[in-house]
Amino acid sequence: MYKIVHKEILSEVILLFEVQAPQIAAKARPGQFFILRLDEKGERIPLTIADTNRDTGTITTIFQVVGRTTREMSKLNVGDGILDMVGPLGEASEIENFGRVVCVGGGVGVAPVYPVAKALKEAGNEVIAIIGARNKELLFWEDKLAAASNQLIICTDDGSYGQKGFVTQAVEQVAAAGKIDCLWAIGPMPMMRAMAATTKPLGIKTIVSLNPIMLDGTGMCGACRVSVGGETKFACVDGPEFDAHQVDFDLAMRRLSYYKEEEKRAEAVANCQCGGDGQCHG
Amino acid sequence: MPRLIMEKYAMPLQPAAERVQNFTEVALGYDQETAVAEAKRCLECKKPKCIEGCPVEVPIPQFISLMKTGDFQGAIRQIKAKNSLPAVCGRVCPQESQCEQLCILGKKGEPVAIGRLERFVADYQLAGSGDDVQNQLAKKVITKSKKVAVVGAGPAGLTAAGDLAKMGYQVTVLEALHVAGGVLMYGIPEFRLPKAIVQQEIEAIKKLGVAIKTNYVVGQLATVDELLAAGYAAVFIGTGAGLPYFMNVPGENLNGVYSANEFLTRANLMKAYRFPEYLTPVKAGQRVAVIGAGNVAMDAARVALRLGAGESSIVYRRSEKEMPARHEEIEHALEEGVKLALLTSPVEFHGDQKGNLTAMTCIRYELCEPDQSGRCRPVALKGSEYKMPVDNVIMALGQGPNPLVGRTTPDLELNRWGNIVANEANGITSKAAVFAGGDIVSGAATVILAMGAGKKAAQAIDQYLKQKI
Ligand SMILES: Cc1cc2nc3c(=O)[nH]c(=O)nc-3n(C[C@H](O)[C@H](O)[C@H](O)COP(=O)(O)OP(=O)(O)OC[C@H]3O[C@@H](n4cnc5c(N)ncnc54)[C@H](O)[C@@H]3O)c2cc1C
Ligand SMILES: Cc1cc2nc3c(=O)[nH]c(=O)nc-3n(C[C@H](O)[C@H](O)[C@H](O)COP(=O)(O)OP(=O)(O)OC[C@H]3O[C@@H](n4cnc5c(N)ncnc54)[C@H](O)[C@@H]3O)c2cc1C
Ligand code: SF4
Ligand code: SF4
Ligand code: FES
């Protein structure tokens, strides 16, 4: 059992957990993730390691409630345990001193971009962080991103906070002001696709972190396959970070939707009267 | 001299029509009376050939002899001295090409059903009737201060761990998944190998004092070098052949194209056949095609039927004669309604706007004169392409070595496919204190060969550690 030692509700749909996992905490590097299974009947789902504390032996993860597992997880409290956690998984981000770098986090993607920004700043880069959300209520970790960057730009779609507009527009402004040597963009698939389309004509090296459906996370099943530069890659061992300009986003987005019906059914039975075997929902 | 009975006693099976509706075991096992009768067929040869066919040298005539008198506890003690997973091996060993192939009785009639007898006594013991044997056999005997790490809890790793524990070493098994067992848990389906039985046999290995840490990916949480630096005097690597191969044809990443590993892992390890009680989904649509014709392909095709597929077909480039699966598995699959599309292979997959698979284009083959390996070479027939509607495709084309340990252990020699290079007789690798065996060395093989490799490596590790002061 991996014990939850701290819980924060960041917005209506976004939560933060700090979990006791000393071995993972000791090894995790920016860009890596873990896979959890809440209980015996649970699904294995991947989440990014958003922060670690080696002194307390804990890791921090931030997740958005989108379906059955994340909803069940949101009901757990400090003192409760998670049955299985395996990690760190995936390749770490390639951190070096590039010069002037931009780290873009969209929605819940603000969490995974934070450790990358922090490491880039420690490596001597000038870091410009751009975080975006639909509205003010959905924003979090403004203070942490401010500390991990030299400049922080906040965007909301509705203009309720920071500047009104998309993160792609902010990137165009930053690019107009000076050369960007490298850019990380982490967030929902449509946002990463839009970012790739924005930076490609500008010739900015761009890295995205892909989030395909995963199962084992060790390269054994191929569920997480994505197409990069026309080649099939397994995101759990070859990624999750890839060159944005080589990624087939349309394919990646279609692959995420394969289990829509089953996901709905899993959510429906969670609220039903028949004891969860699905009979009352067919 | 009693009359020789030329045929094996038949294995009672769940009727095909019934069993395709469920995931419970197909082969029901002998009852006590049949087991004793089958045991009595054994000639107890002076120079028994059967043992030579068993990679772990189970004392076959000896255990069968005890069975004849109803001494099942004695029999299991004999087996367990050599084989720590008899309930598994009795079920899944390809006996027809191992112990039973060499059985002397097999020259005149059918060989003794060694596997079925092994299964019977193993089940007898697991059912509780042999509990005291279990406890006598499985006693903690840690007498040595040296620690050994075993990477991977498949049959190779578990066997090495059990044997090393019996020698008195402190053994820790590190397993990437959330349960131990390797392919026995995630690959081979419940209806051929009940998972509760695998776990019971693993419990017996734990009773020897073996510690098993699950959720531990070597290469990530610790590299092999870090394990050695942390005080493990030797490391055994048994990480298996877990990397699925695809065909590299267009449309292969459409939704609905699975690797056999993914399909079987969802169904077996994650129990997707009980969705939504268990939360992992899996799909087997109206028409399922499995590419390949080995044991893995048969398992996938049979799982698809049980998940409700209307039609489940094996699509294979060669003819029935060349199908590499065990004869019994093919027979069971055909009885259940699995169809064969032979001399056929897909060249492209097609999908709808949502990216879901809808059809595949296949090409027909014909067999030409045998190649160097003696197998007939399939040749594609130009212009024979045709389209076949299909909802799910399962690729069962074989598996390569799991890459994580190789990538993170720079001085460990790998061959050009990425398998670890190790001496077959003792598991010694190019790196001091590091041993390897099972599918990670041999490529995808069998449970018992992996166990044999684990056993030999355990002996070599013992020798190595004794020499080291
Ligand atoms: C490497 C990696 C890192 C991730 N890090 C985070 C993170 O830090 N925070 C976070 O909130 N989420 C993260 N995700 C996504 C997270 O895994 C999914 O949101 C989760 O699996 C949904 O499970 P569920 O049962 O609650 O929802 P489900 O009912 O299974 O899914 C609901 C919907 O969410 C989408 N979805 C399903 N699986 C995934 C997936 N693997 N990735 C993205 N969307 C998915 C689909 O569109 C689906 O229809 C990450 C995914 C990967 C692969
Ligand atoms: C579907 C299927 C059906 C089969 N049917 C039969 C049959 O009927 N009869 C038969 O004899 N054989 C059968 N086989 C083959 C047999 O299962 C294998 O040959 C055997 O399991 C190999 O054992 P192993 O210990 O080498 O590897 P595996 O069983 O593959 O175990 C390796 C273990 O190592 C773990 N691992 C991998 N990488 C790491 C890492 N970096 N860190 C920690 N752990 C790691 C894996 O998670 C896994 O648990 C079948 C195989 C499949 C896939
Ligand atoms: S372990 Fe396998 S090969 Fe050996 S005797 Fe038993 S069934 Fe035969
Ligand atoms: S070879 Fe066959 S008959 Fe002879 S001892 Fe072995 S099992 Fe019995
Ligand atoms: S999740 Fe199975 S190979 Fe990546």
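User: How much area is buried between domain 1 of chain A and domain 2 of chain A?

Analyst: This is a predicted model, in which chain A is divided into domain 1, covering 2–89, and domain 2, covering 100–256. Carbon and sulfur atoms give 68% of the area buried between these two domains of chain A, and that area is about 1600 Å².

User: How many residues of domain 2 of chain A are in contact with domain 1 of chain A?

Analyst: The C-alpha centres of the two domains of chain A lie 21 Å apart. With contact taken as heavy atoms within 4.5 Å, domain 1 of chain A contributes 20 residues, and the number from domain 2 of chain A is 20.

User: Which residue forms a salt bridge with A:Asp51?

Analyst: Across the interface of domain 1 and domain 2 of chain A, the rule finds 2 salt bridges, along with 3 residue pairs in polar contact, both residues being at pLDDT 80 or more. For A:Asp51, the closest N and O atoms of the salt bridge are 2.7 Å apart, and the partner is A:Lys144.

User: Which strand gives the most to the side of domain 1 of chain A that touches domain 2 of chain A?

Analyst: By class, that side of domain 1 of chain A has 13 nonpolar, 5 polar and 2 charged residues. At least two residues each are supplied by β2 (14–20), β3 (33–37), β4 (44–48) and β6 (58–64) of chain A. The strand that gives the most, with 4 residues, is β6(A).

Notes
Residues numbered from 1 in each chain as written. Chains lettered and ligands numbered in written order. Predicted model: local features only at pLDDT ≥ 70, side-chain atom pairs only at ≥ 80, totals over all residues. Heavy atoms only, no water. Domains from an automatic or database assignment. Buried area = accessible area lost by both parts, 1.4 Å probe. Salt bridge = Lys/Arg side-chain N within 4 Å of Asp/Glu carboxyl O. Polar contact = N/O pair within 3.5 Å; in protein donor to acceptor, adjacent residues only side chain to side chain. Nonpolar A, V, L, I, M, F, W, Y, C, P; charged D, E, K, R; others polar.
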